[in-house]
Every structure is written in structure tokens, then in C-alpha cells.
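Thanks for coming, everyone. I'll walk through a few local spots in one structure. Have it open while I talk.

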Amino acid sequence: MSEISRKPPRDVLRRLRQEVGFCCPVEGCGSPYLTWHHFDPPWRAEKHHRPEGMVALCREHADKADNGAFTDDQVRTLKREGKSRASVVRGRFDWMRHKILMVAADNFSYECYTALEIGGVKSIWFERDEDGYLLLNVKMPTLARRPRAEIEQNVWTVTPGADEVICPPNGRIVEVNHSNGDRFRVEFFTLENSEKFASRYPHMVNCKDMPEYPLTAVEVYETVAGTGLSLTPYGISMGGGHIGGNYFQCLAGPAISIDLGPEQGSRLFRR
């Protein structure tokens, strides 16, 4: 019989995160960068993934819990009361770069400020701070007329109502899923060389104008329920159509502009 993996299954992780309201339940913490802790029994006593004997904590408090900082009764209180303490879930991408490759809808934008515009409204774009660093902004379209995840100058915010928020301690990914099918995901990473680029994007190996390596990149995913609009790093679909496979550098206007008309466009961003 193979040994059980230290990492719990996705459904267990989802339950643990939901249980604490997607942020660390330790008083005064609230970090969204969650991992897990086995306490009843501890992992060293029995290798298991029973959620009733586990709790989602940030890495700092998980390490402290692993070393006996909290009693079992205290951990049970965190599990029971953590969600009631949670409100807005907020974090920050600490990826500060002067040059970033944006990958959205199978379009590769380098030193372009606006990657996607929908109905005349910016949806994915960069702004530079006073030190010249590019800061990511994302406004998620939706028909739900309820707040959705947003990123403002690298700070991401998820208001209550999300079905799932995935934000591991590595600080380079945030994924938000809603019960109606709205989905949002952003991932930062480094491409060390042209071979890594070709491995991740094999259909773009003939691109001659890629910038120098190592290269910081960010991928953006969005699904807008009820519209047929679905955007991934590998393409964008809207009403059955599909576009992608382009490379833009130093573009003045948006890399992608979807013209829906002012009324339909504003409807997607109305809260």
C-alpha cells in the first residue's frame, strides 16, 4: 500500500478554507495565505486527512501549532469561530518588476499597459508606481450585480460570498470561484530561459521578439457566467468565437478590446 501524501485532497482543503472564512482564524492574524495543520491526531501520530482533525492556518501559525503552541481545545475553537471573525479577504502580490509579460487570452503583452478592455471599460491593466514598478489591476466582469474579486495596484480583494478562495503561502496565485460559475485566477511566475517559455507555450516558439530572460510573467483567467465569455492564458471565447496567438510590445492602446456596446459593457461592471 502506497504511503499517503502529506498534501490533503482538494475537497478537504476546500472544506478547511471555507470553515475559517478563507483567512487565518488566529486572533489578530487574518492572513489569506493558508496551509493546514493536523491536530487530532497530529500527523506524526497518524497520517490522515480527516477534516474534523485538521484546521486551515497561515504558515506562521501552522508551524507554531505543529510545535505545540495551541491546545486541541484552542484549535477546535479556531475551527468553530474562525468564520465568524472573517470579513473581506485581502492580500498583496509582492512581485515588483519594471517589466512583466502579461499572458491573457493567448495574447502576450510586454510593456503594454492595458491587456483587456470590455465595452470601453478596462478589465486587465498595469499602472506604474513612483519607482517605475508595474502594478497589476483587474476588474472582474459579472452579471451577478454583486461584488467580485478585484486587484488594485497588486492588492487583491475578495468580498464575502465567494464559494472558494485558493491562495497558497507561496504568494504567487490567487483563485476565486463563485457558485454561479464566475471564476477568477491570477498566477505570477518566472520563465528562466527560452526553453521554459517554449515548454509552457509550445505554439509560440517562433516568436522572435521575446525580451531577455529571466522573465517575470503573469497569467490571468476569467469566466463570466451567463455571457459565454471565458478567458484563459490559452485563448478567449465569446459567443462561440475564439481569438489569440498574438504578441504585442509597447502598444499604446489595449491589446484586446471587446466591443459590446456601452449598455451591455457597463452592465458587466455594474455592482
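Start with threonine 142: its side chain makes a polar contact with the side chain of aspartate 182, at 2.5 Å. Before going on, keep in mind that this is a predicted model.

Where does threonine 142 sit? Look in the loop between strand 8, residues 134-139, and strand 9, residues 150-152. Is threonine 142 buried or exposed? Its relative accessibility is 0%, and the cut-off for buried is under 20%, so threonine 142 counts as buried. A polar atom of the threonine 142 side chain lies 3.0 Å from the backbone nitrogen of alanine 144.

Next stop, histidine 48. This residue is in the loop between strand 1 (34-38) and strand 2 (54-58). Histidine 48 counts as buried because its relative accessibility is 3%. A polar atom of its side chain lies 2.9 Å from the backbone oxygen of proline 41. What else is histidine 48 in contact with, leaving aside neighbours within four places in sequence? The contacts are Ile4, His38, Asp40, Pro41, Trp43, Gly53 and Met54.

Now the rings. How many aromatic pairs does the structure hold? Seven. Take phenylalanine 108 with phenylalanine 197: the ring centres are 5.8 Å apart and the planes meet at 55 degrees, so this pair is tilted. The pair links distant parts of the chain. Phenylalanine 108 is in strand 5, residues 107-110, while phenylalanine 197 is in helix 4, residues 194-200. They are 89 residues apart. Both phenylalanine 108 and phenylalanine 197 are buried.

Tyrosine 201 and tyrosine 234 form another tilted pair, at 6.2 Å centre to centre and 45 degrees between the planes. This one also links distant parts of the chain, 33 residues apart. Tyrosine 201 is in the loop between helix 4 and strand 14 (215-224). Tyrosine 234 is in the loop between strand 15 (229-232) and strand 16 (235-238).

How do the two tyrosines stand on burial? Tyrosine 201 is buried, with a relative accessible area of 0%. Tyrosine 234 is at 40% relative accessibility, so it counts as partly exposed.

One last item, a charge over a ring. Arginine 200 lies over the face of phenylalanine 189, 3.8 Å from the ring centre.

That's my tour. Over to you.

Note on methods: Residues are numbered from 1 along each chain as its sequence is written. This is a predicted model: local features need pLDDT of at least 70, side-chain atom pairs count only at pLDDT 80 or more; totals for chains, interfaces and linings use all residues. Side-chain values use heavy atoms; hydrogens and water are left out. Helices (H or I, at least four residues) and strands (E, at least two) are DSSP runs, numbered from the N terminus. Buried means under 20% relative accessible area, exposed over 50%, partly exposed in between (1.4 Å probe, protein chains only). A polar contact is a pair of N or O atoms within 3.5 Å; within protein, one must be able to donate a hydrogen and the other to accept it, and residues adjacent in sequence count only if both atoms are side-chain atoms. Contact means heavy atoms within 4.5 Å. Rings of Phe, Tyr and Trp (its six-membered ring) pair if their centres lie within 6.5 Å; planes under 30 degrees apart count as stacked, over 60 as edge-to-face and the rest as tilted. A charge sits over a ring if NZ of Lys or CZ of Arg is within 6 Å of the ring centre and within 35 degrees of the ring normal.
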